[in-house]
Amino acid sequence: MHSTITRLSRRALPAVAAAALLASCTSTGGSTGAASADPTAAPATAAAAASTDPAAPAPTPTATPTPTPTVKPTGQADPALQAFYGQKLAWAACKDDPATTKTDESAVQCATLKVPLDYADPSTGETLDVAVARIPAARPEQRTGSLLVNPGGPGGTGVGMVQRGQKDYDGPLHDHFDVVGFDPRGVGGTAPVKCLDDKARDAWITADAPGADHGKLLADACQAKYAKLLPFVGTRNTARDMDVLRGVLGDPKLNYMGLSYGTYLGSVYAEEFPDRTGRLVLDGASDRSTSLVQHNIEQYTGFERSFKLFATGCVTKSPCPLGKDPEAAPKKLADFLDGLKDKPLTTTDGRKVTATAAWSGVIDSLYDEQGYADLRTILTMAMNQGKGDYLMALADGAAGRDPKGGYKVSADAYTAVHCADTVMAPTEAELQAQLAELAAKAPLVTAHNPAAALFDPDCRSWPFRSAEQPHPIKAEGSAPIVVVGSTGDAATPYAWSERLAGSFAQGVLLTREGEGHTAYGRSACIRDAVHSYLVDGTVPAAGTRCATDAAR
């Protein structure tokens with residue numbers, strides 16, 4: 001089976017394929033689903049004026065801190081949760097999205113799962129509606145159960161992953177499983193978080209040297225709309241939703257495949273419910289045993305390596321605007337992108353291609369080496385001809401902006417979930433040390449705005465402080481958990497997969513040799529090993545290493 005499940009952006013937003021951009025810049029559409037509105041309502045608060053010092057610590061949140069609930073639920077054994085576990089899903093054909101011409105979403109079944117807003121106090125009666133979609137097993141007589149999938153992000157829609165990727169599961173997975181995707185809290189059809197209007201986001205997401213209060217602007221907007229919801233959108237609560245879904249689907253154990261950030265969701269599930277883990281595959285591991293700041297330093301170190309790899313390889317290809325010297329090429333490209341801060345390009349519709357916008361598009365393109373040829377063409381047009389339309393289109397793809405100027409909710413969900421999952425309050429001394437480490441390890445890809453790279457996203461002004469603390473996840477008592485890592489993965493460096501597999505009490509590391517983010521869609525050897533585990537329970541042998549498909 002060949003799969004198109006190959007990559008997810010840091011924000012779980014599909015990169016715009018440059019070939020398609022050059023042809024038409026058409027939209028890929030989105031997902032549908034219902035969400036309860038009541039838990040998201042909140043009074044408005046004012047945004048602060050921007051600071052001119054990007055490295056300065058952001059102001060202390062003015063809202064009363066509200067910690068993320070951490071009380072461990074007892075699931076089906078808790079009388080207050082039995083009604084949620086006992087509900088029946090009303091499956092019906094999904095609504096077809098007319099914007100997607102190559103996919104018929106109505107071929108997939110959709111439903112709504114009701115979950116408590118607050119697992120620590122479900123007796124409040126406040127609930128959320130979780131959007132769910134499934135592709136029933138192709139061979140009912142061989143059906144093993146359900147396989148839940150998540151595309152990453154945070155901010156990626158599991159409903160969209162199933163609806164738009166129906167052919168990705170053809171073969172053993174589709175034969176043996178109902179493939180089920182759901183939208184995590186704050187995402188897609190599940191109480192979506194969208195804090196800024198589209199015009200405000202245009203300015204916010206492309207701002208060069210935005211200052212420390214840049215994060216506060218978004219935090220205040222999110223607080224104004226979603227103060228009641230924000231403490232409950234974290235991954236731990238989403239993992240609890242996933243267990244309710246498991247129970248409602250009738251599966252005694254959870255079978256799961258998560259990509260990128262979806263590996264963290266799977267890890268938290270295994271920590272919360274180790275006795276309910278079935279067969280978990282975590283591809284492109286996001287290791288959260290360190291702080292988010294350290295996590296970002298390691299990730300941008302990976303982007304630095306891939307950026308240099310692209311630039312040095314560019315000089316041997318045509319077209320390439322970086323000259324013929326591979327040693328000088330990375331700096332030449334970085335200088336051009338940084339220079340857009342003072343001399344931005346202008347698109348045909350009058351938008352400005354800032355350094356921030358251009359860098360976001362280029363870094364997003366580093367997720368998949370198959371897009372390098374198109375990236376060379378786009379950079380040639382920008383650097384040699386002064387044409388910025390396609391470079392801006394790359395940035396739009398990274399930001400989830402469609403050709404009509406509308407944004408998907410994933411952008412704000414990315415921040416909301418991260419900030420519910422992390423603690424971020426560095427001292428001035430810690431901040432300066434972190435900036436120095438970032439400059440030493442990723443000088444080219446972060447020089448235009450090091451603070452924005454360090455605080456990606458910026459949770460310093462978030463309206464509440466998460467109670468989550470970085471720690472290795474052991475998941476004592478779980479079934480074997482297969483962690484898949486790629487040696488050339490910039491977005492989720494291979495060291496993260498090694499650390500995550502090593503932290504699990506029953507972790508198994510499966511390795512793909514090669515570039516690009518995630519492995520399942522890039523290697524037949526990886527797919528065979530994943531299928532053998534998910535379908536038959538055959539755990540990959542320790543030390544198994546696979547090559548990337550030659551066709552790639």
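Are Glu272 and Arg236 buried or exposed? Select both: Glu272 is buried, and Arg236 is buried too. (Buried means under 20% relative accessible area, exposed over 50%, and partly exposed in between, with a 1.4 Å probe and protein chains only.)

Before going on, some ground rules. This is a predicted model, where local features need pLDDT of at least 70 and side-chain atom pairs count only at pLDDT 80 or more, while totals for chains, interfaces and linings use all residues. Residues are numbered from 1 along each chain as its sequence is written, and side-chain values use heavy atoms, with hydrogens and water left out.

**Colour by confidence**

pLDDT is the predictor's confidence in each residue, from 0 to 100. Its mean over the protein chain is 87, and 86% of the residues reach 70 or more. Now pick out residues 1-38: pLDDT stays under 50 there, and the model has 125 contacts beyond four places in sequence for them (contact means heavy atoms within 4.5 Å). Residues 40-73 also stay under 50, with 92 such contacts beyond four places in sequence. Where pLDDT is low, the predicted coordinates should not be read in detail.

**Switch to cartoon**

Helices (H or I, at least four residues) and strands (E, at least two) are DSSP runs, numbered from the N terminus. Of the 552 residues, 58% are buried. Among contacts with a separation of 6 or more, 78% are between residues 24 or more positions apart.

**Back to the opening pair**

Show the side chains of Glu272 and Arg236 again: they meet in a salt bridge at 2.9 Å, N to O. (A salt bridge is a side-chain nitrogen of Lys or Arg within 4 Å of a carboxyl oxygen of Asp or Glu.) Glu272 sits in helix α8 (residues 261-272) and Arg236 in helix α7 (residues 235-249), so the pair ties together parts 36 residues apart in sequence. The structure holds 28 salt bridges.

**Two more bridges, towards the end of the numbering**

Next, select Arg545 and Glu513, whose side chains form a salt bridge at 2.6 Å, N to O. Arg545 is in strand β12 (residues 545-547) and Glu513 in strand β11 (residues 507-515), so parts 32 residues apart in sequence are tied together. Arg545 is partly exposed at 45% relative accessible area, and Glu513 counts as partly exposed at 36%.

Then try Asp549 and Arg527, a salt bridge with its closest N and O atoms 3.2 Å apart. Asp549 lies in the segment after β12 and Arg527 in helix α19 (residues 524-536), so this pair ties together parts 22 residues apart in sequence. Arg527 is buried, with a relative accessible area of 4%.

**Into the core**

Which residues have the most contacts inside the largest nonpolar core? Select Leu113, Leu148, Leu245, Phe307, Leu337, Leu340 and Leu391; the core has 110 residues. (A nonpolar core is a set of buried Ala, Val, Leu, Ile, Met, Phe, Trp, Tyr and Cys residues joined through side-chain atoms within 4.5 Å.) Helix α9 (residues 292-314) gives the most to this core, with nine residues. Centre on Leu337: leaving aside neighbours within four places in sequence, its contacts are Phe307, Ala355, Ala358, Trp359 and Val362. There is also a second, separate core of 30 residues, including Leu147, Val149, Val530 and Tyr533.

**A bit of sheet**

Strand β1 (residues 92-93) runs antiparallel to strand β2 (residues 109-116), joined by two bridges, with Ala93 partnered by Gln109. (Two strands pair if DSSP finds at least two bridges between them.) β2 also pairs in the antiparallel sense with strand β3 (residues 127-135), over eight bridges; there, Cys110 has Ala133 as its bridge partner.

**Backbone stops**

Select Gly153 and Pro154: the peptide bond between them is cis, with omega near 0 degrees, and Pro154 is in the loop between β4 (145-150) and α3 (158-164). The bond from Asp456 to Pro457 is cis as well, with Pro457 in the loop between α17 (450-454) and β10 (481-488).

Finish with two non-glycine residues. Ala191 has a positive phi of about 45 degrees and is buried at 3% relative accessible area. Ser260, in the loop between β6 and α8, has a positive phi of about 55 degrees and is buried at 6%.
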